[in-house]
Amino acid sequence: MGLPNSQNLNSQTATTMIVAFLSGVLIAVSGCVAPDARQNSNNNSNNADISKNSTISDRQGKKLILTTFTVLADMAQNVAGDRAVVESIVKAGAEVHGYEPTPSDFRRGQGADLILDNGLNLERWAERFYGNFPKVTRVTISEGIQPISIAEDAYQGKPNPHAWMSPRNALIYVENIRKALGAIDPANAAIYDANAKAYSQQIREIDQKLRQAIAAIPPEKRYIVSCEGAFSYLAQDYGLKEAYIWAVNAERQATPKQVQKVIDVVRANKIPTVFCESTVSNEAQMQVVRETGAKFGGVFYVDSLSPPDGATPTYLKLLEYNVNNLVKGLSDSS
């Protein structure tokens, strides 16, 4: 999707916007983020691998690449290798949809050479943020993806933003990252090309491995039940049926109708295990557990990697962890 055109902002207007926006940040209440996600955001501010604040000396003349969230940062780092500094704006464990940029984010934005985002209406805060950096190159790396439309709720008809959850789509992300890095740093383009080729091969290999794992589950049992409808692309690729409480991590509590819908699906299909995303409160899903007798299989990682010492410090680990956790849950007939 296209990004806002801010090229016509004069310096006085840009300064006014920054002052006004930073004032708003200091008093804003992030209504979209579940309480658990706010806590995770605070606790994981030390994710030094991909979210530290760079200084000029740290960079040693390298380009600074900002990404909107940690999954994209890991993808970009694999393409950049040691030829660029890559940082995520949203920290590990935080919720990306309704994120509120911080003063530190604005400082980094002013010094960035490139900002990579997902688009597809994922980063709702991006338009205001980008308006303060009209000269920084911005690239939406989901460009070229065939979006799946959201089928219900307030976002009906809009694209499901979680396209990176399909390894096939991830190959398109990597190609777009390769082009973007080569365009701003042509001196290292050949290295970016080689890195992207090697990383794409790793994605293809994990894709094949995960397909084989799903194939071991009888087709009638291939359900993925989550809090958010973040698995539509993965479900399409791997022949899964999807059930979820809300289509997109919403600004409101789950409604009784949304919860009952999942309860009915779980009961009718005797689904043994349900899950929730790491950045979302599992309160509504635990009601499904109580009403159906299904087990709670823990969290899936979607919008955020874990800290470096956690279960999913990389995108490839995220894919593997989620699918293995799902297969284990669906295989549990006890």
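In which sense do β1 and strand β2 (residues 84-88) pair, and over how many bridges? The pairing is parallel and covers five bridges. This is a predicted model, in which local features need pLDDT of at least 70 and side-chain atom pairs count only at pLDDT 80 or more, while totals for chains, interfaces and linings use all residues. Residues are numbered from 1 along each chain as its sequence is written, and side-chain values use heavy atoms, with hydrogens and water left out.

**View 1**
Strand β1 spans residues 63-67. Helices (H or I, at least four residues) and strands (E, at least two) are DSSP runs, numbered from the N terminus. Two strands pair if DSSP finds at least two bridges between them. Within the pairing of β1 with β2, Leu 64 stands opposite Val 85. Strand β3 (residues 114-117) also runs parallel to β1, joined to it by three bridges; here Leu 66 has Ile 115 as its bridge partner. Four of the five residues of β1 are buried (under 20% relative accessible area, with exposed over 50% and partly exposed in between; 1.4 Å probe, protein chains only), so the strand is largely enclosed by the rest of the structure.

**View 2. The β-α-β unit of β1, α5 and β2.**
Helix α5 (residues 70-80) forms a right-handed β-α-β unit with β1 and β2. Right-handed here means that, with the strands pointing away from the viewer, the path from the first strand over the helix to the second runs clockwise.

**View 3. The disulfide between Cys 227 and Cys 276.**
One disulfide (a pair of cysteine sulfur atoms within 2.5 Å) is found in a search of the whole structure. It joins Cys 227 to Cys 276, with an S to S distance of 2.0 Å. Because Cys 227 lies in strand β5 (residues 223-228) and Cys 276 in strand β7 (residues 273-277), the pair ties together parts that are 49 residues apart in sequence. The torsion about the S-S bond is about -120 degrees, so the disulfide is left-handed. Cys 227 is buried at 0% relative accessibility, and Cys 276 is buried at 1%.

**View 4. Glu 95 in the loop between β2 and α6.**
Glu 95 is found in the loop between β2 and α6 (103-111). The side chain of Glu 95 reaches the backbone nitrogen of His 97 at 2.9 Å. A polar atom of that side chain also lies 3.0 Å from the backbone nitrogen of Gly 98.

Methods:
Polar contact = N/O pair within 3.5 Å; in protein donor to acceptor, adjacent residues only side chain to side chain.
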